[in-house]
Amino acid sequence: MQASRWRLDGRTALVTGASRGIGLATVRELATLGADVLLVSRDEAHLEQTMAELADEFPARSLLSFAADIGDPEQRLEVFDWIADLEASPSLLINNVGENVSKPALDYAVEEVRALLDTNLIAAFEMCRLAHAHLAEHGNAAIVNVGSVSGLVHVRTGAPYGMSKAALHQLSRNLACEWAGDGIRVNSVAPWYIRTRRTEEPLADTDYFDEVLGRTPMGRIGEPEEVAAAIAFLCLPAAAYITGECIAVDGGFLHNGF
C-alpha cells in the first residue's frame, strides 16, 4: 500500500467559508495531510486572526487568504483574479459557504428565499464553473460540496435551506458525470447537527437538544473535525474511484426510523 495514497502533498485546495467551523476544521485537516490551502471568507478581521493562528500551526505549508463574499458575483470573480495573480492553480475545491434563516414556509419573503438560494446553491455552482479550468489542468482534481441532511430528509431548518441543499447534492451528482472525463471528481457531505457557531442558539434550548440527541443513534452532537475528515478523505488519491457520492456525517440520524 502506497502511503502517498493517503497524503495531499503538492496539492493546493481552495476552501470557502474557511475562517470558522467546518471550513476552518477542513483547512487544518488538509494542511495536516500536506496540502497548501487558499482560504476565502467574508469576515476579513476574523480571517486575519485565523491566518495568524494557522501560520503558527503549519509553518511548512503555504496558507494564503482572500476576504470575499462569494454570494456576490463580482467578488467571486475577484477570488479567481487573485488566484491567477498567485499562479497557484487549485486541484481541490471545497464549497463550504452556507447560511440560513429558519421559519415556517409561509413566513418567508421571496427576497429571503432568493438570498438563501444564491448563497447556498448558486454561489457553489458558479465556484465550480469558475474553478473548472484550474481543476481540469491537473487531471486528478476533486470538488467536495458541503450539503446537509436537510437536503435528504425533512428537518426543522426551513424549506428554502432544505431546497438549496437538496439541489447542491444533485449538482454534485450532475457534475460528477459531466466532468469525470476532465479528471474531476465531485462528491458531497451531509452533516447533521455539528458543534459550530450557527448551531449554538438552537442547541441552547435544553428540550430541543435532548430531542436532537434522542433522534441521533450515537447520542451526541458531531464535531467540525469529523466533517472535515470525511471531506479530506474524498480529496485523497485513495478515493480516486469515488465520484457522485454523498457521505452523511450524522451519527446515524438518517437511518434512525421509529
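**Exercise 1. Describe how helix α1 passes helix α8.**

Let's start with the handedness: α1 passes α8 in a right-handed crossing, where right-handed means that the near helix is turned clockwise from the far one by less than a right angle. Helices here are DSSP runs (H or I, at least four residues), and strands are E runs of at least two, numbered from the N terminus.

A word on the model: it is predicted, so local features need pLDDT of at least 70 and side-chain atom pairs pLDDT 80 or more, while totals for chains, interfaces and linings use all residues. Residues are numbered from 1 along each chain, and side-chain values use heavy atoms, without hydrogens and water.

Next, the geometry: the axes of α1 (residues 21–32) and α8 (residues 224–235) come within 8 Å and cross at roughly 50 degrees. Axes are lines fitted to C-alpha atoms, for helices over the stretch in contact, with angles from 0 to 180 degrees between N-to-C directions.

Finally, the contact (heavy atoms within 4.5 Å): α1 contributes residues including I22, A25 and L30, and α8 residues including V227, A228 and I231.

**Exercise 2. Work out the layout of the sheet.**

First, the order: 7 strands form an open sheet, β3-β2-β1-β4-β5-β6-β7, with parallel pairing (a pair needs at least two DSSP bridges). The edge strands, β3 (63–67) and β7 (246–249), each pair on one side only.

Then zoom in: 6 bridges join β5 (residues 141–146) to β6 (residues 184–191), and I143 has V186 of β6 as its bridge partner.

Last, helix α2 (residues 44–57) packs on the sheet, touching β2 (36–41) and β3.
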